[in-house]
Amino acid sequence: MNRNDATKQFHSGGDRLAELIDGSQQVELPTPDTDTPMVSRSVRLPLETYERVRAAADARGIGVTTLMRQWIEAGLADLDDSATVSLADVRRALAALSRPTAA
């Protein structure tokens, strides 16, 4: 049934549309990756910026939106002085402190 036929069925009050809906196959919805309620927002990015974000996400083996969410959370944590840093970043900083600097 195409859109026009479905619209006509809906407006005529016929049972055909209800029968089609009732007879449709059940669809499994994706399982959310968190129990925290989420809000979806749209962000416009230049193509080059998006490609850089996508490459960074791919390198980490995570999705683009997951990486963007992590960056936003890290930025917000930095604003309120409760910044979270990765263990790898801490190790690099400590290793840099133990190296002699050139005079």
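Q: Is tyrosine 50 buried, exposed or partly exposed?
A: Tyrosine 50 is partly exposed, because its relative accessible area is 32%. Buried means under 20% relative accessible area, exposed means over 50%, and partly exposed is in between (1.4 Å probe, protein chains only). Keep in mind that this is a predicted model, where local features need pLDDT of at least 70, side-chain atom pairs count only at pLDDT 80 or more, and totals for chains, interfaces and linings use all residues. Residues are numbered from 1 along each chain as its sequence is written, and side-chain values use heavy atoms, with hydrogens and water left out.

Q: And where does tyrosine 50 lie?
A: In helix α3, residues 47-60. Helices here are DSSP runs of H or I with at least four residues, strands are E runs of at least two, and both are numbered from the N terminus.

Q: Which residues line the largest pocket?
A: Tyr50 is one of them, and the lining also includes Met38, Arg41, Leu45, Met68, Arg69 and Ile72. Helix α4 gives the most, with four residues. By type, the lining has seven nonpolar, three polar and two charged residues.

Q: What volume does that largest pocket have?
A: About 400 Å³. A pocket is an open set of points on a 1 Å grid over the protein atoms alone, where a 1.4 Å probe fits, with protein on both sides within 12 Å along at least five of seven lines; lining residues have an atom within 4 Å of a point.

Q: New topic: how many salt bridges?
A: The count is one, counting a side-chain nitrogen of Lys or Arg within 4 Å of a carboxyl oxygen of Asp or Glu. Arginine 92 pairs with aspartate 89 at 2.3 Å, N to O. Both lie in helix α5, three residues apart, about one turn of the helix.

Q: Which residues make the nonpolar surface patch?
A: Val85, Leu87, Val90, Leu94 and Leu97 make a patch of about 510 Å². Patch residues have over 30% relative accessible area and no salt bridge, with nonpolar side chains joined within 5 Å. Valine 85 sits in the loop between α4 (64-79) and α5 (87-98), and it is exposed at 55%.

Q: What about the overall fold?
A: Five helices and zero strands. Buried residues make up 7% of the 103 residues.

Key:
Patches are made of residues with over 30% relative accessible area and no salt bridge: like charges are joined within 9 Å, nonpolar side chains (Val, Leu, Ile, Met, Phe, Trp, Tyr) within 5 Å. Accessible areas come from the Shrake-Rupley method with a 1.4 Å probe; for residues, only the protein chains shown count as cover. Grid points are joined across faces, edges and corners, and a volume is the space filled by probe spheres set on the points. Ala, Val, Leu, Ile, Met, Phe, Trp, Tyr, Cys and Pro count as nonpolar, Asp, Glu, Lys and Arg as charged, and the others, Gly among them, as polar.
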